Amino acid sequence: MTQGTLKKKLGLVDLTLLGVGSMIGSGWLYAALTSSGYAGGLTGWAWLLGAVMVLLIGLVFAELAAAIPRAGGFVRYPNYTHGNVVGFVIGVSSLLAYTSTAGVEVEAVRQYAMYWWPALGQTDGSPTGLGFVMQIVLLVGFFLLNYWSVSFFGRINTIITTFKFIVPLMVIVTLFGYFHGGNLSVPGTAPGGVHGIFSSLTGAGIVFAYLGFRQAVDFASEAKNPQRNIPIAIMLAIGISFVIYILLQFAFMGAVPADILSAHGWVGLKTIFQSPYADLARSLGITWLINLILIDAVISPAGTGNIYLAGASRVLFAWAKNGHLFSIFAKVDPKSGVPRGALWLSLILAIAWTLPSEFQVWGGLIGAVTSATVFTYMPGPVNAGVMRSRLPNLPRPFRLPVFGLLSPLAFVASTLLIYWSGWSVNELLIPILVIAWVAYVLFGKKDQHFKRDVQSAWWLLAYYIAIFILSYFGTYGGTGAISSPLDMVLVVVVTLVCYYWGVASGHEKLEIPQDDEEDDTPVSPRRETRVA
């Protein structure tokens with residue numbers, strides 16, 4: 001098979017809209033309701049804190065991606081700095097996060113489409129045979145949109161994201177016409193206070209609403225002028241999404257009728273608002289807005305699912321480049337510039353996530369694997385720290401200012417988001433990553449660099465075990481044996497120890513190929529290529 005190259009077709013607008021399109025998915029339809037149940041009138045601070053934390057993480061990856069633009073960079077950078085063990089484990093986390101998202105989004109499309117076509121689902125919301133067929137057809141449609149070329153995919157995404165951008169704006173403008181400032185001081189939130197703000201970041205999906213910034217990094221090899229456009233796209237995507245989400249939050253909270261709010265409080269609203277914005281519009285008698293929201297409720301998750309199916313193929317491509325998948329998945333179609341083998345595998349895995357529950361291999365893990373996305377961000381600050389130390393003269397078009405302070409803070413931010421996800425998530429997800437670490441050490445390829453790679457990976461195993469223990473004894477779904485704020489102080493201390501340990505454990509000679517498509521074979525640890 002002739003090896004092609006990834007086509008550099010995506011400009012600044014495309015990269016920005018990939019990020020915005022990932023962030024404005026099905027989440028905006030629920031986040032305002034669920035987050036107000038956690039923190040009530042303080043929810044705006046949660047959106048601000050989430051944006052700051054994700055921006056901090058995003059700026060670290062902006063430096064990495066601008067200096068070394070690689071498809072699926074979140075999987076590539078750990079392999080460059082710490083070798084195969086760390087690279088494999090982070091790849092497992094990315095695999096869980098990405099391949100599940102497209103499947104979950106098409107399920108959301110089907111559930112909303114039941115409003116017009118009830119035969120798609122059963123009374124408990126699960127798919128009928130017809131509904132399952134619809135989900136597969138949607139995924140195949142996403143596959144075809146991505147199959148022909150990256151530029152065609154970019155154009156389609158621009159059209160869909162434009163619609164996804166317009167509808168929330170119309171909702172904001174309309175609902176602010178019914179705004180009651182007194183709603184923001186209504187009591188009845190739980191757990192409330194600062195704890196409620198922190199819990200809402202993950203429990204209400206606030207932080208995950210921002211995680212789409214990663215698309216600019218995943219498509220770095222297909223970006224025009226990536227050194228300039230990737231950092232700008234990351235900052236624009238997070239900034240635009242923050243403005244939309246904060247306005248949606250206050251528009252929703254201010255427009256809830258006072259009699260309903262006084263009777264149920266913020267916590268009780270979820271019992272009467274099943275589709276928050278549509279039900280709110282119904283209570284206000286705005287019929288045209290109900291229909292518009294329900295139409296967007298189908299289109300928004302479909303657009304996000306399309307982006308994540310494409311992103312999943314770049315992650316699988318990157319994993320194959322690292323040598324952890326068959327080489328066929330590292331090949332690029334010469335005509336379209338699309339990694340079609342990886343795209344096929346993404347389709348198969350996404351369909352597997354939509355199987356009826358009795359056939360799902362990991363049915364109970366759906367809630368946990370969405371949090372796996374944060375685990376793929378966690379190594380970024382450590383990777384950047386290693387590169388600053390080992391490659392001080394590497395051209396960096398974007399340099400994270402005050403790196404010695406902000407890089408460790410980004411690592412702390414990632415860890416706090418993992419900790420705030422709660423014990424119910426961490427008790428499922430962290431053991432999978434620990435097993436992946438141990439399995440690779442026992443059964444992975446034993447080449448000449450194997451011992452070095454294991455030595456470079458001990459910090460990651462210690463990190464997982466420490467966070468697992470703290471999550472169990474902490475106050476976010478754990479036993480509460482370690483009270484707040486002592487639990488978070490210990491998390492920060494452990495995190496900083498692991499950060500500096502991880503930076504010190506990086507390879508002395510970094511194995512970075514000069515270009516993503518310099519050959520048609522996976523990157524091998526034996527290739528000691530130093531970027532100058």
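1. W117 is partly exposed at 45% relative accessibility, where buried means under 20% relative accessible area, exposed over 50% and partly exposed in between (1.4 Å probe, protein chains only). W117 lies in the loop between α5 (84-113) and α6 (129-147); helices are DSSP runs of H or I with at least four residues, strands are E runs with at least two, and both are numbered from the N terminus. The C-alpha atoms of W117 and G131 are 9.6 Å apart, with a sequence separation of 14 residues.

2. On the basis of these values: the model is predicted, so local features need pLDDT of at least 70 and side-chain atom pairs count only at pLDDT 80 or more, while totals for chains, interfaces and linings use all residues. Residues are numbered from 1 along each chain as its sequence is written, and side-chain values use heavy atoms, with hydrogens and water left out.

3. The axes of helix α16 (residues 380-390) and helix α17 (residues 403-420) come within 8 Å and cross at roughly 150°. Axes here are lines fitted to C-alpha atoms, for helices over the stretch in contact, with angles running from 0 to 180 degrees between N-to-C directions. The crossing angle makes α16 roughly antiparallel to α17 (under 35 degrees is roughly parallel, over 145 roughly antiparallel, 65 to 115 roughly perpendicular and the rest oblique).

4. The residues in this contact (heavy atoms within 4.5 Å) are P381, V382, A384, G385 and R388 of α16, and F403, S407, A410 and F411 of α17. By class, the contact of α16 with α17 has 6 nonpolar, 2 polar and 1 charged residues; Ala, Val, Leu, Ile, Met, Phe, Trp, Tyr, Cys and Pro count as nonpolar, Asp, Glu, Lys and Arg as charged, and the others, Gly among them, as polar.

5. In the loop between α16 and α17 is V402. V402 has a positive phi of about 45° although it is not a glycine, and at 57% relative accessibility V402 is exposed. N225, in the loop between α9 and α10 (226-255), also has a positive phi, near 45°, and is partly exposed at 42%. Most residues other than glycine have a negative phi, and most peptide bonds are trans. A cis peptide bond joins S484 and P485, with omega about 10°; P485 is in the loop between α20 (458-473) and α21.

6. Aromatic pairs number 27, counting rings of Phe, Tyr and Trp (its six-membered ring) whose centres lie within 6.5 Å; planes under 30 degrees apart are stacked, over 60 edge-to-face and the rest tilted. F74 and F213 form an edge-to-face pair, 6.3 Å centre to centre with 65° between the planes. This pair links distant parts of the chain, 139 residues apart: F74 is in helix α4 (residues 73-82) and F213 in the loop between α8 (193-203) and α9 (215-218). F74 is buried, with a relative accessible area of 1%, and F213 is buried at 1%.

7. The rings of F411 and Y499 have centres 5.7 Å apart and planes at 50°, so this pair is tilted. F411 in helix α17 and Y499 in helix α21 (residues 486-504) are 88 residues apart, and the pair links distant parts of the chain. Both F411 and Y499 are buried. One aromatic cluster is formed by F375, F411, Y463, Y464, Y499 and Y500.

8. T376 is in helix α15 (residues 366-377) and is buried, with a relative accessible area of 1%. Not counting residues up to four places away in sequence, T376 touches F61, F74, I90, S93, S94 and R214.

9. Two charged side chains sit over rings, the criterion being NZ of Lys or CZ of Arg within 6 Å of the ring centre and within 35 degrees of the ring normal. The charged end of R340 is over the ring of Y147, 3.7 Å from its centre, and that of K446 is over the ring of F450, 4.9 Å from its centre.

10. L55 is in helix α3 (residues 43-67) and is partly exposed, with a relative accessible area of 29%. L55 touches M235 and I238, not counting residues up to four places away in sequence.
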